[in-house]
Amino acid sequence: MWSNLALSVFPSREKTEKNVLFIIADDLRPSLGCYGDTLAKSPNIDQLASKSQTFLNAFAQQAVCAPSRTSLLTSRRPDTTRVYDFGSYWRVQSGNYTTLPQYFKSNGYLTMSVGKVFHPGIASNHTDDYPYSWSIPAYHPTSFIFEKKKMCKGEDGKLHANLLCAVNVTEQPGGILPDMESTDEAVRLLKTRVSDDTPFFLAVGFHKPHIPFRIPQEYLSLYPIDNMTLALDPDVPILLPPVAYNPWTDVRKREDVQKLNISFPYGPIPKDFQLRIRQHYYAAVSYMDSQVGRLLSALDELGLANNTVVVFTSDHGWSLGEHGEWAKYSNFDVATRVPLIFYVPNVHYAKWPTFRVYLPFLNSPHTRWTKMCFLCSVLLWSGGAMYRGRQPAFSQYPRPADTPQENSDLPDLKDIKVMGYSVRCWYYRYTLWLGFNPKTFQVGIQASHLPGKHENSLSLFCSAVCLGLRIRLH
């Protein structure tokens with residue numbers, strides 16, 4: 001146990017407020033051992049989960065980075081933040097909403113950001129929402145500038161911008177990768193807090209397993225290609241409404257995928273390459289897990305673990321061939337479901353199968369911090385976790401048209417014509433695609449965007465699902 005180790009090496013500091021270490025991964029579905037994935041090698045996150053409250057049914061509000069992170073960190077759904085793309089900043093677009101780190105900061109915490117926490121760029125005002133959310137400017141690893149460049153050595157000996165990009169780290173610029181660099185900075189910041197009694201909120205955002213899979217090559221050995229299998233449901237469903245399909249254009253743009261000459265939008269990836277994608281994704285998860293392990297070990301060794309709440313989550317999931325889809329950009333479970341783990345020192349959890357709490361945004365400076373650190377973070381995942389038989393989880397996704405387009409995965413706000421709203425209860429997921437006006441942000445309730453040839457079968461299915469939802473939600 002981290003707390004026992006810390007107590008045996010360093011004396012405990014008596015403090016009312018708990019520190020908070022908030023860790024968020026990028027594009028991580030619950031492909032972790034602690035979530036029952038027998039293939040995944042994630043010992044550090046599994047160890048954290050073994051003494052934590054692990055939420056088995058937590059969902060993102062929109063399966064793409066900027067809208068999801070804005071929703072999580074402001075405790076408001078995309079229809080409130082009006083952030084559906086990468087080109088909108090919520091404080092300008094909708095309202096001057098207080099964020100999770102801003103709330104801690106306003107109550108005396110030193111708040112710090114390392115790596116990808118807010119989505120960088122316009123979505124966070126090119127400052128990661130500094131100085132509102134953070135006490136000091138947010139840190140980004142300098143090596144990240146190479147992520148989209150030609151860094152992957154191909155069979156021809158030349159460098160390419162590939163999807164599959166396992167590398168010899170010593171041959172990379174600076175001999176380092178972004179998540180390694182972020183961990184180094186986070187550990188450095190933790191060391192500065194050892195002799196300071198000011199409580200801190202440290203958010204660390206890891207870039208992996210986001211594509212490209214530019215990871216240390218040794219992690220591939222954890223997943224021999226002969227042990228990899230295809231998705232259980234690898235084919236595009238016959239009755240899938242075209243509007244629901246994401247054509248994974250960001251994957252298609254990588255050089256190694258372009259060489260496969262896959263037809264747009266439904267053309268399947270060759271099976272042997274599918275296996276390699278899945279291998280690299282899992283290897284990227286294990287690489288990210290190792291960085292989490294470094295971070296948690298430092299927390300232990302510095303004597304901070306016994307007074308620090310640890311939260312681990314992801315911004316959304318990632319399809320690995322299910323329904324013939326790859327990447328995120330949809331309302332399916334594989335794209336919206338995320339891991340959510342809370343560790344609070346000296347708190348023992350009953351192992352509920354899943355858990356959901358919802359309360360208004362907390363604004364009392366006198367809230368007991370030990371409980372607030374636990375509850376506030378949960379509640380800010382606005383509507384994203386569910387309790388069996390009770391509250392559902394909600395997600396949504398925008399589309400530019402009823403059929404797959406080049407910009408279907410990530411349409412700009414001005415191009416959004418359809419919005420898919422998805423409700424997930426314990427047994428069912430029900431998604432309805434409706435007309436959307438990007439100028440007024442209004443939804444056409446009567447304007448269903450389901451194709452006519454499927455209307456009868458889908459209406460029967462939806463009636464059955466809605467009946468099940470009504471029975472189980474009341």
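Me: Let's start in strand 12. Which residue there is the bridge partner of F59?
Reply: R337 is the bridge partner of F59. Keep in mind that this is a predicted model.

Me: How many bridges join strand 2 to strand 12, and which way do the two run?
Reply: Five bridges join them. The two strands run antiparallel. Strand 12 covers residues 337-343.

Me: And strand 2 itself, how many of its residues are buried?
Reply: Six of the seven. Strand 2 spans residues 53-59.

Me: New topic: H323. Where does it lie?
Reply: H323 sits in the loop between strand 10 and strand 11. Strand 10 is 319-320, and strand 11 is 326-327.

Me: Is H323 buried or exposed?
Reply: H323 is buried. Its relative accessible area is 14%. Buried means under 20%, so H323 falls in that class.

Me: Switching to the backbone. Which peptide bond into P131 is cis?
Reply: The one from Y130 to P131. Its omega is near 5°. P131 is in the loop between strand 3 (110-115) and strand 4 (152-153).

Me: What joins I211 and P212?
Reply: A cis peptide bond, with omega about 0°. P212 is in a loop too, between strand 7 (200-205) and strand 8 (213-216).

Me: Why point those bonds out?
Reply: Because most peptide bonds are trans.

Me: OK, phi next. What is the phi of H126?
Reply: Near 60°. That is a positive value in a residue other than glycine. Most residues other than glycine have a negative phi.

Me: Where is H126, and is it buried or exposed?
Reply: H126 lies in the loop between strand 3 and strand 4. H126 is exposed, at 60% relative accessible area. The cut-off for exposed is over 50%, so H126 qualifies.

Me: What about N261, what is its phi?
Reply: About 55°. The value is positive, although N261 is not a glycine.

Me: Where is N261 placed?
Reply: In the loop between helix 9 and helix 10. Helix 9 is 255-258, and helix 10 is 271-301.

Me: Last one. Does N261 count as buried or exposed?
Reply: N261 counts as exposed, because its relative accessibility is 69%.

Terms used
Residues are numbered from 1 along each chain as its sequence is written. This is a predicted model: local features need pLDDT of at least 70, side-chain atom pairs count only at pLDDT 80 or more; totals for chains, interfaces and linings use all residues. Side-chain values use heavy atoms; hydrogens and water are left out. Helices (H or I, at least four residues) and strands (E, at least two) are DSSP runs, numbered from the N terminus. Buried means under 20% relative accessible area, exposed over 50%, partly exposed in between (1.4 Å probe, protein chains only). Two strands pair if DSSP finds at least two bridges between them.
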